[in-house]
Amino acid sequence: MSSLRSGLVLGALMLATFSGCSCPNNHLQKVNQCLGVSGAQADKPNVCASSDECGNHFTCKAPKDKPEVQCCLFIDRACTTEADCCPGQTCPSDRKKCFDKAVNCEKDADCGDKGDSFCEVYSDTYGTSNRCRFHTCSALGACPEGQACFQGECMADLPCGGKCSAPGSACVPSINRCQDYANPTDRADAACPMSCNAGFIATFNDNRNIWDACTLADVKCVCAELPSLHSNDLGRFSSVAVEPGQALWASTYDGQFGDLVVMKYGLDGVKQKTDYVDGVPTGAPKYGPSGARGGIDTPGDDVGRYTDIAFGAGNVYVSYYDVKNGDLKVAIHGAEGGWASHKVDGSNGDVGLYTSIALDSDGNPGVSYFQKGGDTGFNIADCPAPQPTGAKQYVTALKFARATKAVPAAESDWVVKTVACLSRPPPPCDACANICADPGTGPDCFQSGTGCTGCDPNTEACVTVGGAAKCAKRYNPSVLVDVPMGVGVFSSLAFNGKEAVIGYMLRNPPATAKAAAKGDLYGVKISAANAPGAPVLLDSNGDTGYFPDVKIDPVTKNIAIGYHDFSDKTFKFYYSAQLQAGVTPEIIDNGVTLGAAGDQSWVGTDSAIVFGGAAGQTWAVYQDPTKGDLKVAKRGARWQVLNSLATEGAVGFFADGVFEGGKLYATHARIHAKLVGGEPRVDNALLLEQSDGN
């Protein structure tokens, strides 16, 4: 029975097929019917039954030329407010449709001069245009120097000025505009919060998913941390120390904000962190709080000049000058982490210039430094004989402070000694209530004159000289002298056990108004009991003793001092078992370029002597200020100048060096300026170089 029924059914089907039956095939009618239809969604070639099948920005309806089918067709985005639109769009009240807002361009220069934005060809369903876009961050979130990564894009400034004032609005960096995103229709989870914490801004989760081509379903408003604060003036007054086998620590001054900054590098030369140690005031951050200065851009006390750094027993020590208060300060980073700073000296004078810090054999830090002038409370009796005469405000001094413990925490933990004193002459025009000018006989204070002819109004003044009116060059007394006169200038400290050795310049006043000041190199020892010995004149040949760097040879325990002789432009090396006069210095570099007669550079400014290696090698890292290079020399039977460590730009300033793990490391400052909006801006940086020392 069942076999008969099956045969009858099959026969009926075959009869229907061959008799011309035109039964509809719904599946075939849906396939590829929307291909080539104007405005149809490219990846939806089949017909649709509802808009739920269509993608973002498309709806299911019949095309004009094919009313028998329904396709996913492109439509304008309808809106009530711009929160219904993509980021970077607006919703005109009279149109109720979303429109792009963009910064149009024809070339990169149309997008600004900060280097973070470029002109990109942009295409969507409406057509093609050129729009300014930010460069994207690297896969690791890195950006070019001077820029920070924000939501996947590199920016040289704060997006939208760092804030969106209207509650519920979000920043669109590409157009530098805050967009209302308080109440997106049917997308409550995409709405902006009414406010964000300080240092954060409401923006979108993907700043590349913008304008009309965006995927609206993926858009969400978030509070994002703003880019970190960036300083354009790092590197000056820098120094470096090594944490054996682990890291390098470099101290420097932030000249833009007036702060002490310490950077930590791996031995691979990669910077690991930057700490703003002192100078940052309290307040709400304007920039990202996890970055520099905690995001606070308000200047605080001016601190951090004349830094020096040392490492020992897990602690990092930095000595530096508090400009505002005229104090010597020390900051310490303990083995457990965290920085703490305190005043060491300054209650009775302007002290703390030219600091140098080192650790004695007990691990206690000591600091040598310069007193520019005393206050009324300065005790002249503290000066060794012969004691200076004259106003205390012009009494200079070489001073030395030694801590009584390895981790001092207060001024009371230090013993301060005045090692040498010298009165400097009052500066020209001191307390001048009239006009400070130079009529050709040197700067002085003059009465205003009348009747002068031909004076340059920008650089000259009419003054009375000997009863007659005369044009004289204007002077600013605060900048007449770059290097102060006195004793203790450019101090440098090293310990041999518990005995301190200090090298310094005694800068003598000029003999006449038109003569120049003259520097001599001196050295002095201070016993373990803090008793200073008699200063020793080490070199008085011309104007010498600039930028001394004192080190103790770890093999021979000899005293080594590298220094610059301004008179003959050379870089010299003092080396002796004892601190004594009459030692003929070696010449590290005479600045003469072989094969170029008469071509001599000043060499040896900003220098460091470096000992290291299994063979007890000696190097000198130093600047050639004439060429603006960072140079290195190696001591053997004679000094050999090696290939320069850095030559690009004006580099080598504040050079310092260490040796660790078979490598010579050197820090230095690049002094640079860049044009922003056609105006020159400071663009200094701290640089780290490394070499095998050969």
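The legends below describe close-up views of a predicted model.

**View 1. The second largest pocket and the residues at its centre.** In this predicted model, the second largest pocket has a volume of about 1,500 Å³. Its lining is made up of 48 residues, and those that lie nearest the centre of the pocket are Gly146, Gln147, Leu229, His230 and Ser231. Sorted by class, the lining of this pocket comprises 24 nonpolar, 13 polar and eleven charged residues.

**View 2. Strands that contribute to the lining of the second largest pocket.** At least two lining residues come from each of the strands S7 (148–150), S15 (259–266), S16 (271–278), S43 (673–676), S44 (679–682) and S45 (685–691). Of the contributors to this lining, S16 gives the most, with five residues.

**View 3. Glu153 and its surroundings.** Glu153 is placed in strand S8, which covers residues 153–155. Because its relative accessibility is 0%, and buried means under 20%, Glu153 counts as buried. When neighbours within four places in sequence are left aside, the residues in contact with Glu153 are Arg133, Phe134, His135, Thr136, Cys137, Ala148, Pro173, Ser174, Asn207 and Arg208. With Arg208, one of these residues, the side chain of Glu153 makes a polar contact to the side chain at 2.9 Å. For Glu153 and Lys417, which are 264 residues apart along the chain, the separation between the C-alpha atoms is 55 Å.

**View 4. The hairpin of strands S41 and S42.** Strand S41 (residues 650–660) pairs with S42 in the antiparallel sense, and seven bridges are found between the two strands. Within this pairing, Phe653 has Ala669 of S42 as its bridge partner. The hairpin has two residues between its strands, and Gly661 in this hairpin takes a positive phi near 60°.

View 5. Strand S42 spans residues 663–671 and is mostly covered, with seven of its nine residues buried.

Conventions. Residues are numbered from 1 along each chain as its sequence is written. This is a predicted model: local features need pLDDT of at least 70, side-chain atom pairs count only at pLDDT 80 or more; totals for chains, interfaces and linings use all residues. Side-chain values use heavy atoms; hydrogens and water are left out. On a 1 Å grid over the protein atoms alone, a cavity is a set of points where a 1.4 Å probe fits but cannot get out, and a pocket is an open set with protein on both sides within 12 Å along at least five of seven lines; lining residues have an atom within 4 Å of a point. Grid points are joined across faces, edges and corners, and a volume is the space filled by probe spheres set on the points. Helices (H or I, at least four residues) and strands (E, at least two) are DSSP runs, numbered from the N terminus. Ala, Val, Leu, Ile, Met, Phe, Trp, Tyr, Cys and Pro count as nonpolar, Asp, Glu, Lys and Arg as charged, and the others, Gly among them, as polar. Buried means under 20% relative accessible area, exposed over 50%, partly exposed in between (1.4 Å probe, protein chains only). Contact means heavy atoms within 4.5 Å. A polar contact is a pair of N or O atoms within 3.5 Å; within protein, one must be able to donate a hydrogen and the other to accept it, and residues adjacent in sequence count only if both atoms are side-chain atoms. Two strands pair if DSSP finds at least two bridges between them.
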